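Please open the model in a viewer and keep the selection tool at hand. The stops below are given in the order in which they may be selected.

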Amino acid sequence: MNPPDTMTADALGRLTAACRQLELEAEPVRLELLLRYLAQLQRWNRTYNLTAIRDGEQMLVHHLFDSLAAVRPLERALGPQATLMDVGSGGGLPGVVLAAMHPRWNVTCVDAVDKKMAFVRQMSGALSLSNLQARHARVETIEPANCDAVVSRAFASLADFAELAGRHVREGGDLVAMKGKTPEAEIDALHAQGAWQVQRIEPLTVPELDAQRCLVWMRRR
């Protein structure tokens, strides 16, 4: 597979280094998919406003590297085969990244904004990601999906996330929220709600980003 014009040596080198730092085994074909996705995200964003970040350099770090930081923890928890849902996916973050990195993970992106899911559907076809689906819907209105994990990135508070999306997690599965610093007040509100509890908080280090990040893992009581 020939590298696309958008795969600059600089971006490829930084992406390779980021994967190494994150202890990810990224084959060249996976790196190519990620950079092709990033190029399309930047192109579509000019017209469809998929993300508030416009600059390609910032997208590389704040979107791609940030999403990649969750891959290794999910690998450890889920193994090589899993069914995942990405809630409030926007332009496919982290869902497209998860699907591109793991062809045996079945990933469904869900968002209430049609143009964002149209983009994810386009990426599924353009990148030949048969394991990637897009649903234009409010997550609380669709049938339970029986997922191994339901993830979100900048979607809602922990309590709202659990209330809206918890029904899609299979028994023994996980709700996983990507957050900045540990959201203590949100954790208190979640526990007051009663149905879900935080199992662990996993710090993340995002390459080239000097900011706090963590994964909040939740399970039913």
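Salt bridges come to a count of 13, each defined as a side-chain nitrogen of Lys or Arg within 4 Å of a carboxyl oxygen of Asp or Glu. The model is a predicted one, in which local features need pLDDT of at least 70 and side-chain atom pairs count only at pLDDT 80 or more, whereas totals for chains, interfaces and linings use all residues. Residues are numbered from 1 along each chain as its sequence is written, and side-chain values use heavy atoms, with hydrogens and water left out.

**Stop 1: charged pairs**

Select Arg36 and Glu32, a salt bridge whose closest N and O atoms are 3.7 Å apart. The two residues are four apart in helix 2 (residues 28-48), which means that about one helical turn separates them. Helices (H or I, at least four residues) and strands (E, at least two) are DSSP runs, numbered from the N terminus. Glu32 is buried, at 6% relative accessible area, while Arg36 is partly exposed, at 23%. Here buried means under 20% relative accessible area, exposed over 50%, and partly exposed in between (1.4 Å probe, protein chains only).

Next, select Asp148 and Arg170, which form a salt bridge with an N to O distance of 2.6 Å. Asp148 belongs to strand 4 (residues 147-153) and Arg170 to strand 5 (residues 169-179), so the pair ties together parts 22 residues apart in sequence. Arg170 is partly exposed, with a relative accessible area of 30%.

Then display Asp10, Arg14, Glu57 and Glu208 together; a network of salt bridges links them.

**Stop 2: cysteines**

How many disulfides are there? The count is zero, a disulfide being a pair of cysteine sulfur atoms within 2.5 Å. Cys19 is buried, with a relative accessible area of 2%, and Cys214 is buried at 3%.

**Stop 3: helix 3 and His63**

Select helix 3 (residues 56-68), where ten of the 13 residues are buried, so the helix is largely enclosed by the rest of the structure. Among the buried residues are Gly56, Met59, His63 and Leu68.

Centre the view on His63, which is buried with a relative accessible area of 8%. Its side chain makes a polar contact of 3.3 Å with the side chain of Arg153. A polar contact is a pair of N or O atoms within 3.5 Å; within protein, one must be able to donate a hydrogen and the other to accept it, and residues adjacent in sequence count only if both atoms are side-chain atoms. Not counting residues up to four places away in sequence, His63 touches Leu41, Thr51, Ile53, Gln58, Leu93 and Arg153, where contact means heavy atoms within 4.5 Å.

**Stop 4**

Move to Arg153, in strand 4, which counts as buried at 16% relative accessibility. A polar atom of the Arg153 side chain lies 2.4 Å from the backbone oxygen of His62. Beyond four places in sequence, the residues that Arg153 touches include Asp66, Ser67, Gly88 and Met178.

Finally, select Gly88, in the loop between strand 1 (82-87) and helix 5 (95-101). Gly88 is partly exposed, with a relative accessible area of 23%.
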